[in-house]
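Work through the exercises below with the model open beside you. Try each task before you read its solution.

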Amino acid sequence: MSFVFTLAGLSLVCALSFFPAKLQLTPEITSQLQLAAVILLALAALLQLVGLLRGKPAPAVAPPVPAAKTEPAVAQPSTESVAQAQVVQFLARLQEKARLVDFSMDDITPYSNEEIGAGARVVHQGCREVLKEMFDIQAVHLGDEGESLSLAADFDARAYRLVGKVPEQPPFTGIVLHRGWKTSKVVLPRLTDTAREVIAPAEVEIS
Amino acid sequence: MEKRYALGIDLGTSNSALAWCVASEQRSPQVLSVPQLLSFQATGEKETLASSLYLPLEQEQNSTSARLPWENGNRPDGIVGEFARAHGALLPERLVTSAKSWLCNAHINPEDPLLPWKSELGERKISPFAASQRYLDHLRQAFEQMLAARGEQPDMAKCEVILTVPASFDEVARIHTHMAAEAAGWDGVTLLEEQQAAFYHWIDLCGEGWRQQVSPGDIVLICDVGGGTADFSLVAVTEQEGQLQLERISVGDHILLGGDNMDLALAYTLKAELDNQGKKIDNWQFLSLVHSCRIGKEKLFAEPTLEEFPISLPSRGSSLFARTITTQLTREVLDRILLDGFFPHSGIDEHPLRKRQIGLREFGLDYAADPALSKHLAQFLARSWQNVHSNEQLQSLVGERIGDVRETRFLRPSAVLFNGGVFKADPLRRRMLDILAYWNGGDAVRELAGSHFDLAVAKGAASFARIRITGQGIRIKAGTARSYYIGLESSMPAVPGFVPPIKAVCVVPQGMEEGSEAALTGQEFGLVTGEPVEFRFFSSSIRAGDQVGTIVDDQNDIEETAQLEVTLPPAEVKAGEFIPVSLHSVITELGTLELWMRHQPSGKQWKVEFNVRTQ
């Protein structure tokens, strides 16, 4: 359905942009047609999104899929679904390397601090690897925490957050509570589909 | 065509890399970011391409949505790179690794589909040659894609490509590497020894300053320990008409011993400790133990005050807290296993235990039997003396730098260039310097510092490619690293129960340069047309004095490399005719060896093929 809307919208756009002279339209009609094109395309996008959010009902047993028909149709997935899949992929990486989902989903109450500490090492080592792989993390404030810092009027409000008794006018002088973190690069894996259900597959060992 | 791009490819045992630069620009070579699968769903770029090939299940193949930019939507039947290595470690029967070591294994035919080794995959198994071709093809696609993304036309004719091989590779392994590159779409690749590439990188880093860091009379040891292999070379520094000259005077044998062995040794030690405590770990936990040992080793080496590195091994189930096993890598274990196990303070006359004989052990890769790298190095320096001693010209290059301890003669390097990820650890470099100084009669051996241990080979190869394009910059004089021989049966009266000894005749002297030719005169071969004729083929890295035609009487000096085969097509001459021919050897401009049988009167010649390995 959304495909039909997309086609109709796109052909309208093409006609309007390539043959404005031949069509001999009044400015009023042109603007109406443009609006129609936008609406058609928006409808298409909406349908796509609704389809995705609903998801397909999962059958209890996955039916065998004929190999020839599994090639995905060449359609650009929406930005939103790609973004969601990216987040799941990132989470999958943290689970794979750092067992982060295992760590969070387990009931922590019955275990001793020692057992939790041992598990935390796994999480720490893995998270560190993933963060190093995907970001280049440095402190915002390169000095020590607890030292005094004075910020001028043009300070970057995204990099520094002022708390406590903050005056109206600079200088803003205070103590650094937290050094803050920033990243100079973000390297996320590229995804080619938007599957975002499975974070970590169930594992079956065959011996 | 004018060459625009200078490329260096490091086809490594465990990791490969490509570095490149525009020849006319001054910038140092940069490493290509190689797109590869990071999971079945995602792709990303890394500076190295793990030399691992994973052969996925059909179901995995069908659900793999990630596609490399050049795959055009086709399902890959094999996955190369980091993810292949990580995922394949859990399904070892489907993981191809160490193809390069198999390429130079003397007991197999590199074009036989036998990898993954001992796997029951049947028809999907591939040959070491095909695996190498896969990695090289992946790098080519990545390079072309990068050029296309920059809006430049990917044209192989504009690329000067240097592909590195270990100095210890024999001619058969070199030729197969070269053929794999051609099959992967790289045209006109020139081969360069990895250890020389590391040296070119160091020169490139120092700029003109390198001339201040070495002086005539220096013998530089290139000590290269990678993930899976160790390789040594010696370069002599001399002076001619006021100009410094470099000449590679000796190369070592291919030693299958490297950083991965060190991590494994640590992991096995900790596993034994856990076993003693009654804690059993499974295969998956062992893999994570090896990984943690690598991180712990790096941490402990980087921070001398740290006494131990705690390690937690989670169980495979989803509960992280219930069955996690803890242990620690202590400095005591690190020093005992790594420093004293792999780099012991051994004497120059202590050489590795002899290789175990095949038949007494399981057949597979020819791993070094003795982990002591210092003993392998001692043996190399002694064999280098033997090599240099056999040749007057080389003797004059090394001058006084000969040592003699308890009747072991050896070359004493005066400087050392480290290469390979292992030497990122200061304590290991220091230990090596200590050992070299001890062998040098207590005088310190200089470290040529500043190199990048991981990517030096690819970058150095690209620098060398630029030198070839522009003609600017010093070249290391090298030529063939070994001398080569063909085996002829001695003509002796038949004696029952006695196999006539083989007479090995030198056909390629050591140091024979690219673009030169030699003829074995005074020895004619009678070939019968239409019938294949086989010869045995030998090589040596310690007989620099041999000239073409020299006959070797000491069989211990040479090792069998391959079989040669030549068939004169009956179409060209009358079938069954007996034709006298002479043997000519050619080192091509690209650095590969060719042997030809030539019929002098007609000028016709036939190429001798390197045959499958000897069994």
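## Exercises on a predicted model

Start with one residue of chain B. Apart from neighbours within four places in sequence, B:Arg336 has contacts with B:Thr269 and B:Gly341. Keep in mind that this is a predicted model.

**Exercise 1. Describe how helix 4 and helix 6 of chain A cross.**

Step 1. Locate the helices. Helix 4 of chain A covers residues 79–98, and helix 6 of chain A covers residues 113–134.

Step 2. Take the geometry. Two packed helices are described by the angle and the distance between their axes. Here the axes of helix 4 and helix 6 of chain A come within 8 Å and cross at roughly 135 degrees.

Step 3. Classify the angle. Over 145 degrees would count as roughly antiparallel, and 65 to 115 as roughly perpendicular. Helix 4 and helix 6 of chain A are therefore oblique to each other.

Step 4. The crossing of helix 4 and helix 6 of chain A is right-handed.

Step 5. List who touches. Helix 4 of chain A contributes A:Phe90, A:Arg93, A:Leu94, A:Lys97 and A:Ala98. From helix 6 of chain A, the contact residues include A:Val122, A:Val123, A:Gly126 and A:Cys127.

Step 6. Sort by class. This contact of helix 4 with helix 6 of chain A has 8 nonpolar, 1 polar and 4 charged residues.

**Exercise 2. Work out how strand 17 and strand 18 of chain B are joined.**

Step 1. Find the strands. Strand 17 of chain B spans residues 402–405, and strand 18 of chain B spans residues 408–411.

Step 2. Check the pairing. The two strands run antiparallel and are joined by 4 bridges. B:Asp404 stands opposite B:Arg409 of strand 18 of chain B.

Step 3. Look at the turn. Strands 17 and 18 of chain B form a hairpin with 2 residues between them. In that turn, B:Arg406 has a positive phi of about 45 degrees.

**Exercise 3. Give the phi and the accessibility of B:Lys118 and B:Glu241.**

Step 1. B:Lys118 is not a glycine, yet its phi is positive, about 65 degrees. B:Lys118 lies in the loop between helix 3 and helix 4 of chain B. At 46% relative accessible area, B:Lys118 is partly exposed.

Step 2. B:Glu241 is not a glycine either, and its phi is positive, about 50 degrees. The loop between strand 13 and strand 14 of chain B holds B:Glu241. With a relative accessible area of 82%, B:Glu241 is exposed.

How values were computed: Residues are numbered from 1 along each chain as its sequence is written. Chains are lettered from A and ligands numbered from 1 in the order in which they are written. This is a predicted model: local features need pLDDT of at least 70, side-chain atom pairs count only at pLDDT 80 or more; totals for chains, interfaces and linings use all residues. Side-chain values use heavy atoms; hydrogens and water are left out. Axes are lines fitted to C-alpha atoms, for helices over the stretch in contact, and angles run from 0 to 180 degrees between N-to-C directions. Angles under 35 degrees count as roughly parallel, over 145 as roughly antiparallel, 65 to 115 as roughly perpendicular and the rest as oblique. A crossing is left-handed if the near helix is turned anticlockwise from the far one by less than a right angle, and right-handed if clockwise. Contact means heavy atoms within 4.5 Å. Ala, Val, Leu, Ile, Met, Phe, Trp, Tyr, Cys and Pro count as nonpolar, Asp, Glu, Lys and Arg as charged, and the others, Gly among them, as polar. Two strands pair if DSSP finds at least two bridges between them. Buried means under 20% relative accessible area, exposed over 50%, partly exposed in between (1.4 Å probe, protein chains only).
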